[in-house]
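Dear colleague,

Please find below the structure that I am handing over to you, together with its sequence.

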Amino acid sequence: LDKIKELVTNEKYFIVEFDENGKVNAKRKIDFKDICILSRDKSFGLELQREALKNNIPMNYEGGLEIFSTQHGILILAWLKLLLWQNDTSAWIPILEAEGFSHNEITKLIRGEAGKENKEYGFTYEKIPADVLMFLDEIKNKESALLQAEAVLKKYNLIDEIGNRLITIISKLMSADFISLNELVKTIEDSARLEYDIELINTEDAVSVMTIHKSKG
């Protein structure tokens, strides 16, 4: 971002435009739209754009994202799975990670080595923060999976362009046909590798960010 600022503000950098005979036609300053950033990681573009906007640098992210493989999607899926089966290890691991537990602590909790066994849930919950268990009870009382997903995003402060897109996708999945929570979870799991476009505010004079794969087109 510092280099981008330097390129568009420092007069020692400029664009040379040639006529059809190859002669210099004009020189002009570098605009944001002259710059493109290529990345291997799809999620990097969105993160970079957020930081760019904080620094008053217009930037457009171009490309789809495996949205259910983001932290947003993983946590929504994890909590929905717990509503189906509260002892689901694959669900508790990302949740405990998000709560700041180390790998060793998570292993002990799952194996029941950290305290007394809680009969209601089936394995060690003694060292899990009370607010985490209260949140599980809270979302149980939500009227729909959509409201449950929104609550998860709000809990982790993930209300952003990815979160909004996820809510839209889940809403469409639920409205397309009457599906059970179990079917919704299965659909989300099967969609982990699918790419979805992220709608962002576009400006004409802005840096472009895209994956190397997308740039091949």
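In helix H3, the residues His72, Gly73, Leu75, Ile76, Leu77, Ala78, Trp79, Leu80, Lys81 and Leu82 are buried. Please bear in mind throughout that this is a predicted model. Because 10 of the 14 residues of H3 are buried, this helix is largely enclosed by the rest of the structure. H3 covers residues 71-84, and the distance from its first C-alpha to its last is 20 Å, close to the 20 Å expected at 1.5 Å a residue.

**The parallel sheet**

An open sheet is formed by 3 strands, which are arranged in the order S3-S7-S4 with parallel pairing. Strand S3 (36-39) and strand S4 (59-62) lie at the edges and have a single partner strand each, so one side of each is left without a neighbour in the sheet. From one strand to the next, the twist averages 20°.

S3 and strand S7 (residues 207-211) run parallel and are joined by 4 bridges. Within this pairing, Ser39 has Thr211 of S7 as its bridge partner. Helix H2 (residues 42-54) packs on the sheet and touches S3, S4 and S7. The direction of H2 makes about 165° with that of S4.

The loop between H2 and S4 contains Asn56. Phi of Asn56 is near 60°, which is a positive value in a residue other than glycine. Most residues other than glycine have a negative phi. Asn56 counts as exposed, because its relative accessibility is 69% and the cut-off for exposed is over 50%.

**The hairpin of S1 and S2**

Strand S1 (residues 15-18) pairs with strand S2 (residues 24-28) in the antiparallel sense, over 4 bridges. One of the paired residues is Ile15, whose bridge partner in S2 is Arg28. The two strands, S1 and S2, form a hairpin with 5 residues between them. In the turn, Gly22 has a positive phi of about 90°.

Lys12 is placed in the loop between helix H1 (2-9) and S1. Its relative accessible area is 56%, so Lys12 is exposed. Lys12 and Lys29 are 17 residues apart along the chain, and their C-alpha atoms are separated by 9.0 Å.

**The packing of H4 and H5**

Two packed helices are described by the angle between their axes and the distance between the axes. For helix H4 (residues 89-98) and helix H5 (residues 103-111), the angle is about 145° and the axes are 10 Å apart. The crossing of H4 and H5 is right-handed. H4 contributes Thr89, Ile93, Leu96 and Glu97 to the contact, while H5 contributes Ile106, Leu109 and Ile110.

**The loop between H7 and H8**

Asn157 is found in the loop between helix H7 (145-155) and helix H8 (161-176). Although Asn157 is not a glycine, it has a positive phi of about 55°. With a relative accessible area of 70%, Asn157 is exposed.

With kind regards

Technical notes: Residues are numbered from 1 along each chain as its sequence is written. This is a predicted model: local features need pLDDT of at least 70, side-chain atom pairs count only at pLDDT 80 or more; totals for chains, interfaces and linings use all residues. Side-chain values use heavy atoms; hydrogens and water are left out. Axes are lines fitted to C-alpha atoms, for helices over the stretch in contact, and angles run from 0 to 180 degrees between N-to-C directions. A crossing is left-handed if the near helix is turned anticlockwise from the far one by less than a right angle, and right-handed if clockwise. Contact means heavy atoms within 4.5 Å. Two strands pair if DSSP finds at least two bridges between them. The expected span of a helix is 1.5 Å times one less than its number of residues. Buried means under 20% relative accessible area, exposed over 50%, partly exposed in between (1.4 Å probe, protein chains only).
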